[in-house]
Structure formats: structure tokens, C-alpha cells
Amino acid sequence: MEIYQADIVIVGAGGAGLRAAIAAAQADPNLKIALISKVYPMRSHTVAAEGGSAGVRQAHDSFDYHFNDTVSGGDWLCEQDVVEYFVKQCPEEMVQMEHWGCPWSRKADGQINVRAFGGMKIERTWFAADKTGFHMLHTLFQTSLQFPSIKRFDEYFCADLLVEDGRVEGVLAIEIASGECTLIAAGAVVMATGGAARVFRENTNGGIVTGDGMALAFRHGVPLRDMEFVQYHPTCMPRTGLLFTEACRGEGGFLINKDGYRYLQDYGLGPAEDQPRNKFMELGPRDRLSQAFWHEQQKGRTFEGPLGSVVHLDLRHLGAALLRERLPQIYELAEDFLGVDPAKEPIPVRPAVHYTMGGIEVDGRCAAPLPGLFAAGECSSVGIHGANRLGSNSLAELCVFGKVAGLEAMAFARNHAPVEGARLEKQALASEQKLRAMLLKEDGTERMAVLRTEMAETMEQGCGIFRQHDSMLATCDKLAELKQRFKNLRIEDKSSVWNSDWLLAIELGYQLDVAEAMAHSALNRKESRGAHQRLDGFEQRDDQNYLQHSLASYQADAAPNISYGAVKITKSQPAVRAYGAAGVAAEQEPAHD
Amino acid sequence: MTEQTIVIEVMRYRPEQDQEPWPQRFTVPYSDDMSVLQGLQYIKDYLDESLSFRWSCRMAICGSCGMMVDGIPKLACKTFLRDYPGQVRIEALHHFPIERDLVVVLDDFMEKLERIQPYIIPKEPRALSEGEHLQTPAQLDLYAQFSSCINCLLCYAACPQYGLNSDFLGPGAIALLHRYNQDSRDGASQLRMQLIGAEEGVFNCTAVGYCSEVCPKQVDPANAVNLNKTQSAKDYFLRFVKPKGSCQ
């Protein structure tokens, strides 16, 4: 087996992984940084983020406002000390991106412009047209090329974590081009593998977003926190789930039902006004907007067509020129994929699964409870999103906590020299043997696409926008069944070079574990909060019993164990979460504890 | 919806078994909204699991799924089966070594990307505490289009010159080089211009312009190449009239 000795290894080369690598490389040029990714870095799913990245920018905005929006947006399930740190770091990180060349959209005087986003009191979303994630990713990747200490392992698939004496000491990776395994030994490991929304059927995510890092940490005893909170983005393309950014509404787009009515005013988000108003109507948070769609569908007020139920995202009044300037990609997607000219016709949209609020449990410095393991970005639960993420907080998170994770991993590795690869080799070989056994199994009968489809369907049925006990239980049972059938998987392709069949099978294993954590966490949370909404007698938020993080712990050959952990409250006591006129009224009420 | 089918002919190449690429035909049911990528996914899921190809975002921004569709370089995710009545032929991107099936070896482009130093080398150091550089929309416009390159490599598959001589930096890398040279924050254009004028630089280009035609993001790399031909020629003559190291 090939052995590579690094000081730190970063798994995933999207926004968080690249930011971590650059932070560590800048802090200590002598550090050997291994950056492994199952795709070339510029393919990472950060690339698909559209609308923008948060950071206080204007004189009439404040860190407190960003903090309050984030914590109330998360329905008070946020780690408030971490949110405080986060909002203070965001502007500097966005300026850092500017210094590295990110083509932020500008005002006429050359200053950086910001736009409105859902659930944000003041405009503070930095943007590069509607390709913000694309530009941030390419800026980070291209910037990283100047650091010789970053040794990239492009198209290496992380297949296991190596843990000895209660500490992470490296990873096992498959070189996709050859099918050979490499052991990368390191003093610390940073997981930056992104989310897991591909476990659902209709989703906005790229094919690579399969929860790899979450599953690996989970299997090695690290709890996955708050996994029941899965975000439906309200404006996606029917069937494919492709995303139409929230910036469509930030720029002034309307959501209209089949009666031509701006229905959000019926769901505590009004009154409807012609001009976009922060935290009103279309600028409400994603969970509320997706829930409103569901209600409209129940009432028979959505359009029904060959692509299923949809509402209309109406951008016509913004005019072709503004759309081309601010939302060029949306324009292109609507034209190419739907044959719709958004300057002339409304775009049919519906909610689709977009983001996993939960993830690998880490503290405010990105350290997991397993020594030597760090995590950043969507795969982690550092505590800023709570029960519902606000749009534009996740790109900022990649930068703020990617940097923290890189620096903390470096500090940890300095005090914990990497062990000799040879010592780890036995463990790595055992792990490799299991993977090869799955590949070479001759008597399997289950077909991968069937299992994957059944998983995605049951997740949608049990863990959708609204949930109830019976359907969640059915999903839990179905996932248990799928995990059994997975053991009987047949992999047709037995070859070595670029065997994507084998890698997809390993990914499906990751997905089933992550899906189980989601479904069981959901089943156990007997309240409604943020993106977790129940219809079966638990329609209200229950701070008495559930102002707590869920913690799903892996159990081999059994359902995950669900326990709960405290939420850090510093300065914002849980209160009524309201938007629109009701939100204004709530804000004016005297604070109480 | 009526069930329509299409024959998708895929050039297969599995280096452990095949001497050279060979065509395999699949009959695939499809609807009008289905992309070529979805057709390939159908094949992999239900007809032949051993077919390998790269893909991810499905929305023409990650740049993974470049391939030849009826001989033309395309992104499979935004090319639709309805536009190929009856039959369509898919093969790996031209001008690159094939790793397997529709997967090509990217090493050459990755090396070139690194060589053009695609990052801001600041004119003068600026601390974060000093805030952002000012950059007007007009200054942004000078490079914005070239910063939209998604590295899908369709332009390399289209470039006859790259096909003949892979030392040529090629359209994508030159567009990105130009992107940094045009950025008001950058101070290293002279450094990068050495690559432009070098043997592997812009003068390889025979001005076919096919690279810009196939570009799925309207980057117009041919324009970047042409602008640099002019610039490089100017630099060449300026060398004789200005002392070394002087500024423009």
C-alpha cells in the first residue's frame, strides 16, 4: 500500500477544505498538508451556490442584527457563542476573498455591493452576480495553487478514517484512476466533505453530495448533531430540483399561486407590498416559505402540470436588463432547461431538498469529540444554523470555519506528531479488505439504483416538509431493510481503473447511515421547530423539552441511538419567531427572559 | 406521456480489457426534458453499470460532464436528447488521453492552470484592515467574462492546434491568464506575458474561433487569445525602445 506522511490531511476540496488548506499553509509553510478530494477541486459542490455570502457591511447594520437574524432564523437552536464569533469574522473573510480576487459585484463607485436575502433584517449578502459559490470556489482553488506545501490528491476517494488509541491518525483513500489504496497518515484530519441532500429524491445537490465525511465520523463514534433539520429550498426546478437562487426574491421577485395571488401573505409573512421589504413576504426564511407551498398545495392552489405541483416565481417586472446583470445564471437555467424566458414568463418552481443543517458535532473551534478530528462547512454542525439556516450564511461559514479548522488542526498536529504510517498499515489493510470484499462479492443480487431510489423515496415520504410519527417510523423501518439488502449488493464492475460502480456503492453505504441518523433524529423530536414540522399533535415548539441538540450515535447493526445535548444561550432568550408585520410587532415588545 | 426511445451509442474504453475504443449501443426511453447526462445515468442505472463518466452539478457550472455529442464538444447536462431524433453518439472529449469510457486525463490542463499563476499577485501589499480594493463596474467588466470559465475543457476539444500540439497553452488557460492580467488588483501581467509570447503561447493559435463557439459559458477564449496576440506583439517591439524593468 502506498503511504504518504502528512502533518494534516484535509478531506474535501470545496470552499471549507480549500480555506482550511490555505490557512494552514500560510501559518506554517513547513507544514505538509494533504488535500484529498474525490473530484477535482473546482468540481466541488460549493460551485453551485448562487446568491451570496453574508457579512455585515453597511453603517446601519450591526453584528447584533446579524446575530439576531441568525439565531431567530435558527429557531433558537444555535450555539450563540459560536454565532457571535461567526458574525464578527464574516466581513473580514469576505474582504479576504476580495484580496484573493473574488469578482464581487460592485457599486458605481467601486465599492462592494450587497443584496437583500431571506430572513435578514439589513442587506448584507455579498454577491458575484448569481454565481457566488462558483467564483468563491475558483478564487480559493486558484489561490491555493501558489502554496507548494499543499499536496493535492485529486480524485482520491476517502474510504475510511484511521483511528488508533482513541485518536484520528490518518485516512485511507482510493486513487480513482487506478483503484489502488493509499494510506495518508497525519497528526490531524479535517473533514470538509459537504452535505448529504442526495439521500432525498428531489434535491438541488450535485451527485457527489453523499454525506461521506458525516458517515465516516459517525461510524467512528462521533455523534451527528441535529440531523433532523433538513432544509427545503422553496424555489427549485420541478423534477430536477435545480436551484433558482433566493437572490431572485432578494432582487424583487414574487411568488404567485394559480389564482395570481401572492400567497405568502396568508402565512404570517405579509402584508404584501410592491417593493421588497426585508423579512417580509418573499424575503421570509426558507423553512416558512417551503411550508407555505405545502399548505397551498393542500388547498389546491398550486398549478398542476406534467412536472407536478408548482407555483410561479415571477421576475418579469424586474426587466431583462437587470435579470441579465444580476441573475444571469438563473436566466440561462430557465431558458435552457425549461424553455422559459424569465423576462416574459414566470418560472415554475417548487421546494426541493437543499441543505443539511446538522452534521458532525464539533465545538466552536471545529474540534470533534474524537481527538485529532476537525470538521468545517456543511458536513459539520458547528452550531450556527440551528433548526433552519438563513440563505448566505453557509458560504460565509465555509470561509470563517474553514480557516478555524485549518489553524486548529495545525495546532493539534504540532502537539501530536503523525505516527509512522507503517503502524497504521494493518488497520488500513483490514479496511481495504472489507471494501474489496464488497466489490468482489459474487453472489449479490441487489441492484444499486433500486436501493438508491427506494432510499430517496422513503426519505421524501417520511422526512419531508411536514412529518408525522407513522410515516417517519415507516421510513426508519424501510432504511433498516435497505441496510440489510445493501449487504447483498451486487457490483457488476470488478475492474480497477475508474470503477465508479464500486465508489457509488461505498457512497450508498454512507448515505444509508446518514439517512438513518436523519430519520431517527426526526422521529424522536416531538415538537415543531424550524425545518422540522410535525402534524401529529406536536405542532408547537416545545422549549421545555426540546431546546436541545439531538445527537445520533452510530450502533453497528442497529438503529442509531438518539440522545440530547444542551444548547448554548448567551444573549438571546427563545422568543416568538415572527416575520412580516408580526415580526415588527414582536421586535417592539420589551425583552423578557 | 408517450414513451419514446433513442439509441445512444457510447464509445467504450476499458483499459484493462480493450485495445481501443469501441461503440456500444443502448436503447433508452426518454422524455423531452431529459438531458444527455440523464440518458447516460439511465444506462448506468439500468442497462450497464460498468459505464464510467464524470458528472455532478447537473446545471452547467461544475464543468465535469464535457464530452463529444455527435462529434461536437458539449456539456452533457445541458444538451437534450430531444435534439437528436433517433440516435446520438457519445464519446470522450477529443484531444485528451482517455482514462476510461468517457473519462479523460486532465493532468495536462491542471499543469497549465498552475503555470499561468492564476491568482492575484498584488501591485502593492494591502492589509485586510485596509478593506477592499475599489474596483469600478467598468474595471470589473474588463475581466468578468474571462473569470466565468468553468474549466470544462470543451474549448480544448475544439481547438485544432491543441489537437496537433498539446504544448500549446490552449484557449481556457489563456482566457484565465488574461482574466488575471486584466484585473485592476493584479500587478504581475509582465510575468504572465512571458508565457503568452513563448513557444507554447498565443502565436500557436490559427484563429479558427471554434473554441468560443463551443464555450458553454460565453467566456469567448478566442477573444482573450487575440487580445494577447496584439499585446504580445506590442511588448515585443517595446523591448527595443524601453530599458529592461521599466513600467509601461
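Tutor: Domain bounds come from an automatic or database domain assignment. The model is predicted: local features need pLDDT of at least 70 and side-chain atom pairs count only at pLDDT 80 or more, while totals for chains, interfaces and linings use all residues. Residues are numbered from 1 along each chain as its sequence is written, and chains are lettered from A and ligands numbered from 1 in the order in which they are written.

Student: How far apart do the C-alpha centres of domain 1 and domain 2 of chain B lie?

Tutor: The assignment for chain B places domain 1 at 4–104 and domain 2 at 107–241. Between the C-alpha centres of domain 1 of chain B and domain 2 of chain B, the separation is 30 Å.

Student: Which strand gives the most to the side of domain 1 of chain B that touches domain 2 of chain B?

Tutor: Contact is defined by C-beta atoms, placed from the backbone, lying within 7 Å, and 13 residues of domain 1 of chain B are in contact with twelve residues of domain 2 of chain B. Strands (E, at least two residues) and helices (H or I, at least four) are DSSP runs, numbered from the N terminus. Strand E3 (66–69) and strand E4 (72–75) of chain B each supply at least two residues of this side of domain 1 of chain B. With four residues, the most is given by E4(B).

Student: How does the side of domain 1 of chain B that touches domain 2 of chain B divide by class?

Tutor: Ala, Val, Leu, Ile, Met, Phe, Trp, Tyr, Cys and Pro count as nonpolar, Asp, Glu, Lys and Arg as charged, and the others, Gly among them, as polar. By these classes, the side of domain 1 of chain B that touches domain 2 of chain B has seven nonpolar, four polar and two charged residues.

Student: In chain A, how many residues does the contact take from domain 1 and from domain 2?

Tutor: Chain A is assigned domain 1 (2–229 + 357–427), domain 2 (233–353) and domain 3 (429–540). Taken over C-alpha atoms, the centres of domain 1 of chain A and domain 2 of chain A are separated by 29 Å. From domain 1 of chain A the contact takes 26 residues, and from domain 2 of chain A it takes 26.

Student: Which helix gives the most to the side of chain B that touches chain A?

Tutor: The contact takes 43 residues from chain B and 47 residues from chain A. On the side of chain B that touches chain A, the elements giving two or more residues are helix H1 (36–47), strand E6 (98–100) and helix H3 (137–144) of chain B. With three residues, the most comes from H3(B).

Student: What is the bridge partner of Val163(A) in E9(A)?

Tutor: Two strands pair if DSSP finds at least two bridges between them. Strand E8 of chain A (residues 156–164) is joined by eight bridges to strand E9 (residues 167–175) of chain A, and the two run antiparallel. In E9(A), Val163(A) is partnered by Val168(A).

Student: Which residue takes a positive phi in the hairpin of E8(A) and E9(A)?

Tutor: Most residues other than glycine have a negative phi, and most peptide bonds are trans. The hairpin of E8(A) and E9(A) has two residues between the strands, and a positive phi near 50° is taken by Asp165(A).

Student: At what angle do H5 and H14 of chain A pack?

Tutor: Axes are lines fitted to C-alpha atoms, for helices over the stretch in contact, with angles from 0 to 180 degrees between N-to-C directions. Asp212(A), Met214(A), Ala215(A), Phe218(A) and Arg219(A) of H5(A) meet Glu507(A), Tyr510(A), Asp513(A), Val514(A) and Ala517(A) of H14(A). The axes of helix H5 (residues 212–219) and helix H14 (residues 500–524) of chain A lie 8 Å apart, at an angle of about 70°.

Student: Is Cys366(A) buried or exposed?

Tutor: Cys366(A) is found in the loop between strand E18 (359–361) and strand E19 (373–375) of chain A, and its phi is near 70°, a positive value in a residue other than glycine. Burial counts other C-beta atoms, placed from the backbone, within 10 Å: 20 or more is buried, 12 or fewer exposed, and in between partly exposed. Because Cys366(A) has 30 C-beta neighbours inside 10 Å, Cys366(A) counts as buried.

Student: Where in chain A is Pro271(A) found?

Tutor: The peptide bond from Gly270(A) to Pro271(A) is cis, with omega near 5°. Pro271(A) is found in the loop between strand E14 (254–256) and helix H7 (286–298) of chain A.

Methods: Two residues are in contact if their C-beta atoms, placed from the backbone, lie within 7 Å.
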